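Reader: I would like to learn how to read a predicted model with some care. Could you take me through it feature by feature, giving the general idea before the case?

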Amino acid sequence: MATFIGTWIAAGLTLMILSFLYRDNPFFRFAEHLYVGVSNAYIVWLVWATIVLPDFIGRVFINLDPAKPWSPDYWFLVPGVLGLIMLTRMVPAIEWMSRWALAFVVGWGAGFVIGPVLNSYLLAQLYASFPWVNMQPYLGAPASEYIPALINAVILFVCVVTVLVYFFFSYEHKGVIGGAAKIGIWVLMVAFGASFGSTVMARVSLFIGRARFLVQDAEPTGHAFSALLTLGLLIAIITAIIARRRQPPAGESEPAE
Amino acid sequence: MVRSWERYLLYTLIAFAVFLPLIFPFDVWPNLPTREVLGVFNTIDGLQPGDTIVVAVDFDPSSEPELYPMLLAVLRHAFNKNLYVIGINLFGPAGTGLGVKALTDIGGEMGKVDGEDYVMLGFKPNLPAVISQINSDIKEMYRSDANGRPTADMPILQRTPKLQGNIKYMVDLAAGETVRPWVAYGSAPGGYPMGAGCTAVSFADYFSFYQSGQINGLMGGLKAAAEYEELVGKKGAASAGMNSQSIVHALLVLFIIIGNIIFFRALSLKRAEEGGRA
């Protein structure tokens with residue numbers, strides 16, 4: 001029964017959010033605010049229960065598993081205190097203290113990140129752009145495989161170089177540099193087109209997920225009832241909004257003809 | 001300028017294109033697996049029973065329609081091959097519940113035991129630091145799992161105390177930017193192969209990692225999830241959604257063609273009008 005009620009609350013909230021397709025309205029606002037509130041509360045609880053409690057309080061102050069021997073690990077006070085002084089940003093008089101924590105985060109982050117990022121994001125990607133690297137697996141392959149792979153490898157290399165030239169602003173984009181930059185911008189447009197196509201697919205997928213929930217999950221035994229009810233509720237909400245907007249505000253007379 | 005009734009007409013047509021195939025399901029188009037999806041499937045398929053893999057549930061409910069079916073299909077495949085699965089979530093706290101539900105549902109369906117055959121470790125902030133730490137010691141970072149149970153004596157973590165040298169494969173199902181750090185701080189220094197699944201939005205961004213060989217498989221969006229379902233042999237939410245997806249795509253292409261015809265017709269009429277005035 002609890003699942004049934006929960007499912008139908010979710011179905012109602014989905015319809016309220018979808019009512020924004022008509023226009024901004026109180027149902028949409030209610031669902032939006034409820035979502036923000038509930039998700040924030042959920043995340044605060046999760047962070048407390050799965051991070052602060054076991055990784056700070058449970059290591060320094062309290063034994064969370066009394067069945068096992070425990071001794072406090074005071075090293076955890078260091079990140080704990082640094083974390084707490086981050087909150088001093090909310091008090092203007094002692095806001096400067098939060099910079100210690102930020103300095104630690106930035107210093108640690110820069111030192112920790114530079115090596116792996118250079119290695120994985122720059123060098124490995126650069127290496128994989130060279131045609132002779134991409135052609136290694138195809139050495140000795142039949143022409144039907146070798147030639148398409150060679151064309152791909154050359155296109156990839158030209159695309160990388162021309163896009164880099166497009167973002168090279170130390171020389172005016174004229175002559176050979178200008179021509180390469182023009183090809184580079186075409187390459188970028190193709191990449192944006194591919195990203196946009198994928199984005200459309202992703203957004204439609206999200207709608208499909210909600211639609212599937214409405215017509216199948218909300219009524220596991222059959223589709224007809226939930227589909228009709230869904231459609232009916234949607235029409236009812238939109239009709240209510242239209243009717244409300246057509247009514248003149250209280251105390252106002254009809255406009256003169 | 002778009003008139004309001006035109007907007008509502010487009011919404012209505014899209015709604016019909018999505019709802020009707022779900023209400024009246026049909027099975028016409030096969031979801032033929034692409035090379036990128038086969039990369040993940042073949043790697044998991046080639047593992048031996050008793051090997052351990054990591055599945056990162058790096059998404060939250062806002063990406064659930066695309067990535068949750070992918071997660072179910074990958075778990076079904078792994079459990080079917082009798083692999084041990086370590087679930088983890090480093091994207092945001094809200095993803096942990098999805099991981100727990102998927103592991104419990106599919107694990108229960110396949111007769112697997114929580115803590116022995118699988119575990120969901122839950123969320124920790126600071127992704128690079130957590131990945132680096134669990135590469136060398138999981139239990140030091142995760143003293144309890146997502147359900148709050150101590151990990152000290154958990155059989156699956158006794159067998160796999162750290163990722164480096166112990167796991168055979170890692171799949172990151174990512175809604176955001178988590179694939180990059182998993183490559184940089186996890187797979188590359190840890191020396192284990194990695195595959196990824198992502199939303200369709202991120203597919204183009206992550207393809208460079210597939211092309212460079214840093215990940216050996218890449219699943220993008222609902223379509224890839226449907227392909228994996230087809231490979232596993234159990235069609236689910238993704239396969240059902242692909243009928244709607246295909247029809248909506250055809251409809252969108254039609255809208256673009258009609259929109260261009262109207263635009264160029266209006267342009268030629270305007271030019272003819274201006275020519276007449278001159």
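Author: Let us begin with burial, where a residue is buried if 20 or more other C-beta atoms lie within 10 Å of its own, exposed if 12 or fewer, and partly exposed in between, the C-beta atoms being placed from the backbone. By that count, buried residues make up 11% of the 257 residues in chain A, while of the 278 residues of chain B 49% count as buried. This is a predicted model, in which local features need pLDDT of at least 70 and side-chain atom pairs count only at pLDDT 80 or more, whereas totals for chains, interfaces and linings use all residues. Residues are numbered from 1 along each chain as its sequence is written, and chains are lettered from A and ligands numbered from 1 in the order in which they are written.

Reader: What pLDDT does chain B average, and what does the model score for ipTM and pTM?

Author: The quantity pLDDT is the predictor's confidence in each residue, from 0 to 100, and where it is low, the predicted coordinates should not be read in detail. Chain B averages a pLDDT of 91, with 98% of the residues scoring at least 70, and the model scores ipTM 0.85 and pTM 0.85.

Reader: How many helices and strands are there in chain A, and how many in chain B?

Author: Helices (H or I, at least four residues) and strands (E, at least two) are DSSP runs, numbered from the N terminus. Chain A has eight helices and zero strands, so that its elements, from the N terminus on, run α-α-α-α-α-α-α-α. The secondary structure of chain B comes to eleven helices and six strands, and its C-alpha trace spans about 85 × 40 × 35 Å along the principal axes.

Reader: What percentage of contacts in each chain join residues at least 24 apart?

Author: Two residues are in contact if their C-beta atoms, placed from the backbone, lie within 7 Å. Among contacts between residues at least 6 apart in sequence, 27% join residues at least 24 apart in chain A, and in chain B the figure is 74%.

Reader: How should I read a helix that bends, and where does H2(A) do so?

Author: The bend at a residue is the angle between axes fitted to the seven residues ending there and the seven starting there. H2(A) bends by about 50° at A:Leu53, and a proline, A:Pro54, follows within four residues. The expected span of a helix is 1.5 Å times one less than its number of residues, and H2(A), with 35 residues, reaches 48 Å from its first C-alpha to its last, close to the 51 Å expected at 1.5 Å a residue. Its buried residues are A:Phe27, A:Phe28, A:Thr50 and A:Arg59.

Reader: Is A:Pro148 buried or exposed?

Author: A:Pro148 lies in helix H6 (residues 143-166) of chain A, and it counts as exposed because it has 11 C-beta neighbours inside 10 Å. The C-alpha atoms of A:Pro148 and A:Ser39, which are 109 residues apart along the chain, are separated by 50 Å.

Reader: Which strands of chain B pair with E4(B)?

Author: Two strands pair if DSSP finds at least two bridges between them. Strand E1 (residues 52-58) of chain B is joined to E4(B) by seven bridges and runs parallel to it, with B:Asp172 in E4(B) as the bridge partner of B:Ala56. E4(B) also pairs with strand E5 (residues 194-198) of chain B, in the parallel sense and over five bridges; here B:Met170 has B:Met194 as its bridge partner, and B:Asp172 has B:Ala196.

Reader: How many residues of E4(B) and E5(B) are buried, and which way do those of E5(B) point?

Author: In a regular strand the side chains alternate between the two faces of the sheet. From E5(B), B:Met194, B:Ala196 and B:Cys198 point one way and B:Gly195 and B:Gly197 the other way, and all are buried. E4(B), residues 167-174, is mostly covered, with seven of its eight residues buried.

Reader: Which part of chain A gives the most to the side that touches chain B?

Author: The contact takes 40 residues from chain A and 44 residues from chain B. H7(A) gives the most to the side of chain A that touches chain B, with 18 residues.
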